[in-house]
Amino acid sequence: MPTWKLLLIAWFFVPVHRLLFRLSGGRLLGRLEGTGVLILMTRGRRSGKTRSSPLLYFRFEQSGDLIVVASNYGRDRHPAWYLNVATDPRVSVEANGERFAANARVTLGEERTALYEKVVAANPRFATYYAATQREIPVVTLRRI
């Protein structure tokens, strides 16, 4: 993805999306590309401040866990929200008109691979992200507390 598009997304679309999502209780922009959208609140690993990120999420298992992917649009570095989760897995989630506490868990090995394949089947854009980077794209489960 060209840098100008990433900057447009980061500086304009994400803040506007977050605002409209919150003001409408998730009724506006609660789905993109046929997939649910949530807002993940993490604690900044350096600042300690609450940070919020709108993310696409998936639900595949009977467990009710929400699945998010740290694709960062296929860039070669992890998104800040993922680095925050890796430091402190206690998060808050806004989805489907409700807010709840959750534990984030980074999946590994076969579990990660299987989940990523399901994500790609649900939204092929994630195959493009995978092809664009040298890093292994993390898959994170969010389990309600």
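Student: What share of the contacts in the protein chain with a separation of 6 or more comes from residues 24 or more positions apart?

Tutor: Good place to start! This is a predicted model, in which local features need pLDDT of at least 70, side-chain atom pairs count only at pLDDT 80 or more, and totals for chains, interfaces and linings use all residues. Residues are numbered from 1 along each chain as its sequence is written, and side-chain values use heavy atoms, with hydrogens and water left out. A contact means heavy atoms within 4.5 Å. For residues 24 or more positions apart, the share of those contacts is 59%.

Student: Which residues of helix 2 are buried, and why do they line one face?

Tutor: Helices (H or I, at least four residues) and strands (E, at least two) are DSSP runs, numbered from the N terminus. Buried means under 20% relative accessible area, exposed over 50%, and partly exposed in between (1.4 Å probe, protein chains only). In helix 2, residues 80-87, the buried ones are Trp81, Tyr82, Asn84 and Val85. Seen down the helix axis, they line one face because their directions, taken from the axis to the C-beta atoms, fall within an arc of 160 degrees.

Student: Which residues on the other side of helix 2 are exposed?

Tutor: Cover for the buried residues of helix 2 includes strand 2 (35-43) and strand 6 (98-106). On the other side of the helix, the exposed residues are Ala86 and Thr87.

Student: Where is asparagine 103, and what is its relative accessibility?

Tutor: Asparagine 103 sits in strand 6. Its contacts, leaving aside neighbours within four places in sequence, include Pro89, Arg90 and Thr141. Asparagine 103 counts as partly exposed, because its relative accessibility is 37%.
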